[in-house]
Amino acid sequence: QEISLKYGAGRLGKRQDADMKRFRDNRLGAFIHWGLYAIPGGEWNGEMYGGAAEWLKAWAKVPADEWLKLMEQWNPTRFNPKAWAKMAKKMGVKYVKITTKHHEGFCLWPSKYTQYTVAQTPYKKDILGEMVKAYNDEGIDVHFYFSVLDWSHPDYRYDIKSEEDEIAFARFLEFTDNQLKELATRYPTVKDFWFDGTWDASIKKNGWWTAHVEQMLKEMLPGVTVNSRLRADDYGKRHFDSNGHLMGDYESAYERRLPDPVKDLKVTRWDWEACMTVPENQWGYHKDWSLSYVKTPLEVLERIVHAVSMGGNMVVNFGPQPDGDFRSEEKELADAVGRWMSVNGECIYGCDYAGWDKQAWGYYTRKGKEVYMVVFNSPYSRHLVVKTPKDVKITKAVVLNGKEVGVKETARNEYNVDMPAKDPGAPFVIKLQIEDNTNAADKYR
Ligand SMILES: C[C@@H]1N[C@@H](c2cn(-c3ccccc3)nn2)[C@H](O)[C@@H]1O
């Protein structure tokens, strides 16, 4: 029996409008985490901190006014938005999520509601505006990351414990509304708002406000998508409301982790987007990547395919340098992923969960009647075992950008698909043609 909620899920089931279909079909995105934190890059007063570089203010216990003095050094002389957009295009990402404002409170746009913006730095110009134009000119959608938590604002409260807290936080929520309206007005091509910094008790006690923000943005920008992390319901329940229904338009809890391809198939019931770092846990630029394991391009690629195989999007993070250029590892990653996507992207873009049992050799994705086998692990047997659902037969198998391979039925709904004659030496994709007689069976039932 469901309880009545004023600020719970606004809709049941996946959104099926064109804007959401575009969000979903894009599948592969990039995160840009760029802010004052890039300047110290994980080091403060000569000490290197291994924690996330965009949280250095917290690790080194730096007071807000001292941290914000970094603005005097913000002058990315090598920032070239066109080059950034070309790099994203070559990587094959269809959208880029940009940190408009991270927890530190520094705004990449000239907000008129705070003094802590690019306008008050030596750089002066509207960096966000330059990025939005450059990405859009390359046909890449722009999504905005926005941190509600704002360490620069005196009215922020972690919890509401007094009348004074109530009054201050009400001012803070109005300030936040103003900034969001500013972003939606100045950059109307934005397609999505990805909220972060919404875990504190103060927000959970103001679920009404999170519902109001979702509604306000959707009124200002019809079709815009909003992540579940913004939302808290009447009882402070986050992401999923007290009746278990997803709030916002897609689930955004998979940060640096992915659902299990066998045990967590429930995630295929809703839209979701994961995001990942290349080191173990660095979103902002960190000077020293030797402090943790750095994923190879193949390990990044596998996570992208894993997400799509379970009906999710994947956003790969980039932390630009303070000078506005990217570190070589990130340039090489974008290049490697882009090369693979240029040959195999059709198993990613517009694809979804196939509904077939996962096998050891890799992942399935599906687009209508086309089922893709994305092979990461070559079997010693030289055969790729495929188990099809009842009434589904395989009629043909072709390697993308390659040749047809043999398919042999070995039992009811079981097949051996041959490996390509020449070992591709890298993850490859086999496109299956299937005969799906499920509805035929219904006819006789
Ligand atoms: C998308 C990612 N989310 C931010 C984050 C938040 N947290 C965090 C850390 C401690 C408690 C609650 C949340 N860790 N990382 C990161 O800074 C980055 O922006």
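Residues are numbered from 1 along each chain as its sequence is written. In this predicted model, local features need pLDDT of at least 70 and side-chain atom pairs count only at pLDDT 80 or more, while totals for chains, interfaces and linings use all residues; side-chain values use heavy atoms, without hydrogens and water.

**The ligand**

Around the ligand stand H33, E54, W55, H102, Y145, W194, D196, W199, E255 and W283, each with a heavy atom within 4 Å of it. The table gives polar contacts, meaning pairs of N or O atoms within 3.5 Å.

| Ligand atom | Side chain (N or O atom) | Distance |
|---|---|---|
| oxygen | H33 | 2.7 Å |
| oxygen | H102 | 2.8 Å |
| nitrogen | E255 | 3.1 Å |

On its own the ligand has 440 Å² of accessible area, and the protein covers 72% of this (Shrake-Rupley method, 1.4 Å probe).

**The helices**

Helix α4 (residues 81–91) packs against helix α10 (residues 328–344) at about 40 degrees, with axes 7 Å apart. Helices are DSSP runs (H or I) of at least four residues, and axes are lines fitted to C-alpha atoms over the stretch in contact, with angles from 0 to 180 degrees between N-to-C directions. The angle therefore makes α4 oblique to α10, a class left after under 35 degrees (roughly parallel), over 145 (roughly antiparallel) and 65 to 115 (roughly perpendicular). In α4, M87, K90 and M91 make the contact (heavy atoms within 4.5 Å).

Note on methods: A polar contact is a pair of N or O atoms within 3.5 Å; within protein, one must be able to donate a hydrogen and the other to accept it, and residues adjacent in sequence count only if both atoms are side-chain atoms. Helices (H or I, at least four residues) and strands (E, at least two) are DSSP runs, numbered from the N terminus.
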